[in-house]
Structure formats: C-alpha cells, structure tokens
Amino acid sequence: MTISPKSRLCACLMLAAVLGACSKQEEAAPAAPTPAAANQPAATPAATPPAPAVAATVQAMGADQLRDAASQALRENRMYAPAGDNAMEYYLALRDKLPDDAAVSSALTDLMPYTLIAAEQAVAREQFEEAQRLVALIEKADKTAPALPRIRQSITTSQQAVAQRSEAEANRAKADAEARVQAQAQQQVQQQAAEADAARRLAEQQEAARQAAAREAEQQREAAARQAAAQQQAAPAAQAAAPAQRSLRPISMPSPRYPPDALRAGTSGEVLVEFTVGTDGAVTDARVLRANPARTFDREALNAVRRWRFEPVDAPVTTRRTVAFNPGG
C-alpha cells in the first residue's frame, strides 16, 4: 500500500479535524472488550500481565483485511479507540506483517500525536486503564518516543494522588463516623444526666411534700393539744362559776337586737358568752366562747350582755350565759 505525499497531507488534516470527535466518542462509550479478552478470567492487576498492545483478533487478520479495516477506522474517526477496533492497532499489526511498508510507517507517524494527546487526556480524566492501553500502543509504535517517560510518570503521579485522595476521604469518613458515635454517646450521657436530674427533682418535691404534710399534721396535733388543755383549764373555772351564778341577781337584761340579714333569712341561733360582773353589778368583760352559726350573732350578743346589770356583789364574778336568737320568739 503506497500513500502519496498529497494523500498523506489530506489524511493528516482529516485526522486533526476529527480528533475532538474521536476523544468524545472514547469518553462517552467505554472500550468494548474483544472476544478474546472477554474469555479471559478476572485477575488482580498485580497478578495479571499487561495486555498486548494489539488485540489477538487483530493480529490474526490478513494484510488485505488489515488495510481495509484501517481505512474504514480512519473514515469513522476510530484512530486509537475502541480497543481492538482502531486504526493504530490495525496499522501496528500490518507493520508486523509488512515491516518495510513505508506507507504503514507513515500512517503510524501521523497517528502518533493524536494517540499521545488521547493518553494525556485519559490521565487527566483519571482513566488509568485506558491511559495504559494507549501508552502500550505508543510504545509498540515507537519505543523511543520522547513523551513516553512523561506520560508514564504522569500516570504514576495521578494514581498516587487518587490513592491519597481515597485514603483522605476514607480517613475523613472514619473521622466523621467516630464524631457521630461520640456525639451520640455524649447525647446519651446528657440525656441520662437530664433524666437523673429530673428524677432527683421529683424526689426532692415528694420529700418536701411529705415534710409539709408531716408539719401540718404536727401543727394539727399541737392545736388539738392546746385546745384540750384550754378546755381542761376552763372546766374548773366553769365549775367555780356555777355556784356564783346563783348569787347573781339580775336587775336589767335587755334582749339583743336581731341582725337584719339573719332576720330576713329567718336564721336562728345561739351564742355562749362568758362575762365578768363587777362589784357594782355592771358587766366589765365579755367574750364569745361558742356561736352557732359562727359570727352571725356574735356582735349583737356581746352588745346585749354588756348592757346587762346585776345587784352589787362582794367580789367580781365570772359566769356564762347563752344568748338565744329566734326570729319567731
């Protein structure tokens, strides 16, 4: 296959025009594995030798078939991708069969810049497997290509950067997880502390209520004791006053005034009044001991008792009288 200088120039212009479209095609559609590669078992990168630059199916093709396939690949902008179906692999296989064909060598020379650019773009996109495949094509085409060491170093550096980034992301994720666990633990501790504090306050409130109830009961007992003591003290006085009542001779005992409200309501009642009669027969002191109903007739009963008069006595006499109130009386 002989390519004239004019044809070579046209091919170069055509390749330059379709470089962007070919690169986009490579990025949008990942390289499809060749039938031979599809049948290979999966293995780790460390245990798997690098794949050959030219697919076995391409190497098995004849010279005429390779020429036709290469021309078709150029027309369809498949200069270096996809793997196993691109112009670079077809021309490399054809060069293995026809090492002295100048047209094949010229075509590889024209394809080399685009393959170099594609390899650099694959590294930039962190598509390291694709970059390694393109590097293998470049190395098979020209082992002394000046850009090979730089691209290999770029692949290594980018892989290290990706590994470091992955490690940093893993460490950050781990730190975030630990922070969340710590925050949850702290929240649980705070919740437990709040529950304990609430329980303590409730216990204090219950204890305060118990103590208040105990004080109230104690006060009631003390009041009952004082009342009992007062009744005991009042009993001898009442007994002493009973004989004296017989010695008091009333002169004037005007009836009490009936409270208007009680009269209108038809309320009746009585008031037990304790009072002291002086030697001149006048009431010198009076107080209510018991009233039924309470505070309804107290004032009028006291006013009436204070107006009472008795015959003079040798010594002051303290006595009790019940003042009755009956609206119909």
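**Salt bridges in a predicted model**

Asp 197, Arg 200, Arg 201 and Glu 204 are joined in a network of salt bridges (a side-chain nitrogen of Lys or Arg within 4 Å of a carboxyl oxygen of Asp or Glu). This is a predicted model, in which local features need pLDDT of at least 70 and side-chain atom pairs count only at pLDDT 80 or more, while totals for chains, interfaces and linings use all residues. Residues are numbered from 1 along each chain as its sequence is written, and side-chain values use heavy atoms, with hydrogens and water left out.

Q: How many salt bridges does a search of the whole structure find?
A: Side chains of opposite charge can pair when their charged atoms come close. Searching the whole structure for such salt bridges gives a total of 20.

Q: Is Glu 218 buried, partly exposed or exposed?
A: Buried means under 20% relative accessible area, exposed over 50%, and partly exposed in between (1.4 Å probe, protein chains only). Because its relative accessibility is 34%, Glu 218 counts as partly exposed.

Q: How many residues apart are Glu 311 and Arg 249?
A: The side chains of Glu 311 and Arg 249 meet in a salt bridge at 4.0 Å, N to O. This pair links distant parts of the chain: Glu 311 is in the loop between β4 (309-310) and β5 (317-325), Arg 249 is in the loop between α9 and β1 (250-252), and their separation in residues is 62.

How values were computed. Helix = DSSP H or I, 4+ residues; strand = E, 2+ residues; numbered from the N terminus.
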